Amino acid sequence: MKNIRNILMIAGFLIGFSACTDLEEEPVGLLAPEAFFKSSADVETAVLGAYAHIANEQFYGRKLVLSLQLRGDMCDIGDRNTPGRRQQVNDFNMDSNNGMITAIWPRAYRIIGAANAGIKGVNLVGEPAETLQPLHAEARFLRAFAYYHLVRVFGDIPYIDFFIENPDEIKDISKTPEAEVYENIIADLEFAKENLPDSYASGVRSRPTRGTAAAYLASVYLTLGEHQNAYDEAKFVIDNSGTFDYALMPDFAQLFNAADADGLPEHVFMVDFLGQVTAGSGVQTDWMGPITGIRSVTLPTTNSGWSVSVPSFEVYEAWDSRDYRKEVSFVDSAFIDGELVGYERFAPNHGSPRPHIGKFWRQAGNHRGDGGQSDNNYAAMRYAEVLLIAAEALNQINNGPNAEAESYVNQVRARARNWNGMTTDYPADVSQGLSQSEFQDLLVEERRLELAFEFKRWYDIKRLQLGQEVFTGPTSFEPHPDFDPSRDYFFPLPEDELIRNENLRPQNPGY
């Protein structure tokens, strides 16, 4: 089922093929497209190369997803001996030379460069449209996927939708307004929805389908506050869930067992790592297991982690212990020298005696020993999220919940009541008669719990402008009195890019 070995074989090619699209001055190993693209197989090689940049230490293997975790209010720095670049992201005191953003930015543009290479190849290969259009659509989906992260993190950014044959083409490029970037993302996703297949052989979930494109359209529209469009796209996915083979997994824990996480019906799109298989330039290198794991303690399935991204104790304490998702999401007991101990003895000498995240460390499958270089499949989009998007959009359209919106939340909650095969009565179905604001608050909380630690919370805080409430309010899980809404909803643009190209100025406000 895993196609990552083929991706690794071509990763070196695409790293060079798309190198100049990270806005650096000098191309590395650039190959003329006319010399490479001879068949649809060559186009597929280019498109698949984008995945080598997504399943990468600088993107879904650590840098991007760790930044998203730390920026939210669910995770704090555990071990304060960790590098300062991570602490800056967490503490809202970043500068424009921060080592997280100077890694995320070029890697995202390498994804885009690989996608643009594939699109260029489509235009060079003389094969039937039915052969090339799905690959064209896949490339455009991957381009949209990268830009959707970039625009939410940085705001106005350079938008490149062509294959760069001469670096001079972009050396003076200017930023594209955020609204225009979103228009281009939507156009790519609409094309993908029209032309992608409904499924792949063996149930592969690491390549997008029509359902994947629609789910991302729903997410984009929700981010933009276009609730009717968000509902329409989410409803398309729900109504065609049988065609796409989407469903909630019966047991929430199944989603986070890396040894058995291929082809899961709940995965609308996932980033697939293959345990202990790596390549150069960070390809296939995943560190989120140890990043979230516990220093100086072990589990039967893994050695000690690093205690970097750790929930505040308030996050754990506020979560009702009757909720099975809490049991799955946290590790609150582990072993020291063969003795089972509670969280009060976690990470001795590292300042993190509190429950840690269990989703990526506890069951990392084939890994190097500490949960690193894992077999984890990271869900970039789950069917549960599609249900919650539909419910939120309906609540806004109708000025309050209806039975349909309530039913989507109730499906998610019903699965949460399955405690490893034992049916419980918590969380209960949604109470009827809630107002629009009450139901919206319920949905925000449901997303926080259902998608905990899955790199979604910061984007919710940003799109709903919750920063002052969650970081400076009286019920804050992770107080940050210096949070500044005029600055902190965006990361700074990388200083090295601004130095190379003055047209990328001005810097984002406050940096």
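How many residues does α17 have, and how far does this helix reach from its first C-alpha to its last? α17 has 15 residues and reaches 21 Å, close to the 21 Å expected at 1.5 Å a residue. That expected span is 1.5 Å times one less than the number of residues. The model is predicted, so local features need pLDDT of at least 70 and side-chain atom pairs count only at pLDDT 80 or more, while totals for chains, interfaces and linings use all residues. Residues are numbered from 1 along each chain as its sequence is written, and side-chain values use heavy atoms, with hydrogens and water left out.

**Two helices to look at**

- Helices (H or I, at least four residues) and strands (E, at least two) are DSSP runs, numbered from the N terminus.
- Buried means under 20% relative accessible area, exposed means over 50%, and partly exposed is in between (1.4 Å probe, protein chains only).
- Helix α7 (residues 129–154) has 26 residues and reaches 36 Å from its first C-alpha to its last, close to the 38 Å expected.
- Of the 26 residues of α7, 21 are buried, so the rest of the structure largely encloses this helix.
- Gly155 follows α7 and has a positive phi, near 85°.

**The nonpolar cores**

- A nonpolar core is a set of buried Ala, Val, Leu, Ile, Met, Phe, Trp, Tyr and Cys residues joined through side-chain atoms within 4.5 Å.
- The largest such core has 129 residues, and Tyr60, Tyr147 and Ile185 have the most contacts inside it.
- Helix α7 gives the most to this core, with 15 residues.
- A second, separate core has eleven residues, including Cys75, Phe330, Ala452 and Phe453.
- Tyr60 is in contact (heavy atoms within 4.5 Å) with residues that include Ile54, Phe145, Phe273 and Phe455, not counting residues up to four places away in sequence.

**A buried lysine**

- Lys175 sits in the loop between α7 and α8 (178–195).
- This lysine is buried yet has no salt bridge, meaning a side-chain nitrogen of Lys or Arg within 4 Å of a carboxyl oxygen of Asp or Glu.
- The nearest side chain of opposite charge to Lys175 belongs to Asp156, 5.4 Å away.
- The Lys175 side chain reaches the backbone oxygen of Leu504 at 3.1 Å and the backbone oxygen of Pro506 at 2.5 Å.

- Most residues other than glycine have a negative phi, and most peptide bonds are trans.
- A cis peptide bond, with omega about 0°, joins Tyr426 and Pro427, and Pro427 lies in the loop between β10 (422–423) and α17.
- Another cis peptide bond runs from Arg505 to Pro506, with omega near 10°, and Pro506 is in the segment after α20 (495–500).
- Ser281 has a positive phi near 60° and is partly exposed, with a relative accessible area of 38%.
- Gln284 has a positive phi of about 65° although it is not a glycine, and at 1% relative accessibility Gln284 counts as buried.
- Ser281 is found in the loop between β2 (267–272) and α12 (288–292), and Gln284 is also found in the loop between β2 and α12.

Definitions and conventions:
Lys, Arg positive; Asp, Glu negative; His and termini not counted. Polar contact = N/O pair within 3.5 Å; in protein donor to acceptor, adjacent residues only side chain to side chain.
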